[in-house]
Amino acid sequence: MTGSDSHWLPALAELLVDNVHQGACLGFLAPLSRFAALDYWHQVLARLGPHQQLWIACEGERLQGSVQLSLCPRANAHHRGEVQQLMVHSRARGMGWAGRLMARVECAALAQGRTLLVLDAPAGTQAEAVYLHLGWQRAGEIPGHSACADGELLAAALYFKRLQHPN
């Protein structure tokens, strides 16, 4: 997506509200207002560019999920990026959308010369199970790292994945 794709803002806001109200740890507490969700997505679209990227997954005109990639601009880190805010709508979970979004991010990162991706996920959650299923390696855990939607502090599980060009 680009910063000019503002026609997706209502659907993106609904996706974020759905995820937060389903308990996702995305930096927001429930209940999340539509206004706050729209404000967040306006900020995301404003930051899109060579170092901040966003992909969405759609079925027809229906938004099913999104994911962001932040590419480190520092000279000593041009080989890595951070996956952020993977979201799949509750109606679309278990249908492979997370895997497709992550595969797209990995291909894009590799095409941009990135060979290492990192992310964090709330420890002991379904999100962590998804990343393990997709071949990510757990590097460790930080206790009491973030509050989830209900305000409970959860540990953050740190993950990485090394990327290689297909042979």
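# Exercises on a predicted protein chain

**Exercise 1.** What span should helix α1 (residues 9-21) have at 1.5 Å a residue, and how far apart are its end C-alpha atoms?

Solution. Helices are DSSP runs of H or I with at least four residues, strands are runs of E with at least two, and both are numbered from the N terminus. The expected span is 1.5 Å times one less than the number of residues. Helix α1 has 13 residues, so it should span 18 Å. Its end C-alpha atoms are 18 Å apart, which agrees.

The model is predicted: local features need pLDDT of at least 70, side-chain atom pairs count only at pLDDT 80 or more, and totals for chains, interfaces and linings use all residues. Residues are numbered from 1 along each chain as its sequence is written, and side-chain values use heavy atoms, with hydrogens and water left out.

**Exercise 2.** Which residues of α1 are buried, and what covers them?

Solution. Buried means under 20% relative accessible area, exposed over 50%, and partly exposed in between (1.4 Å probe, protein chains only). The buried residues of α1 are L9, L12, A13, L15, L16, V17, D18, N19 and V20. Their cover includes α2 (34-47), β1 (52-59), β2 (62-71) and β3 (80-88), where contact means heavy atoms within 4.5 Å. After α1 comes G23, with a positive phi near 100°.

**Exercise 3.** Which radius of gyration would a compact globule of 167 residues have, and what is the value for the protein chain?

Solution. The radius is taken over C-alpha atoms, and the globule rule is 2.2 Å times the number of residues to the power 0.38. For 167 residues this gives a radius near 15 Å; the protein chain has 15 Å, which agrees. The C-alpha trace spans about 45 × 40 × 30 Å along its principal axes. Of the 167 residues, 43% are buried.

**Exercise 4.** In what pattern do the helices and strands follow one another along the sequence?

Solution. The protein chain has four helices and six strands. Their pattern is α-α-β-β-β-α-β-α-β-β.

**Exercise 5.** Is A103 buried or partly exposed?

Solution. A103 lies in helix α3 (residues 97-111). Its relative accessible area is 38%, so A103 is partly exposed.

**Exercise 6.** Which residues does a cis peptide bond join, and where is Q85?

Solution. Most residues other than glycine have a negative phi, and most peptide bonds are trans. A cis bond joins A30 and P31, with omega about -5°. P31 sits in the loop between α1 and α2. Q85 is in strand β3, and its phi is positive, near 55°.
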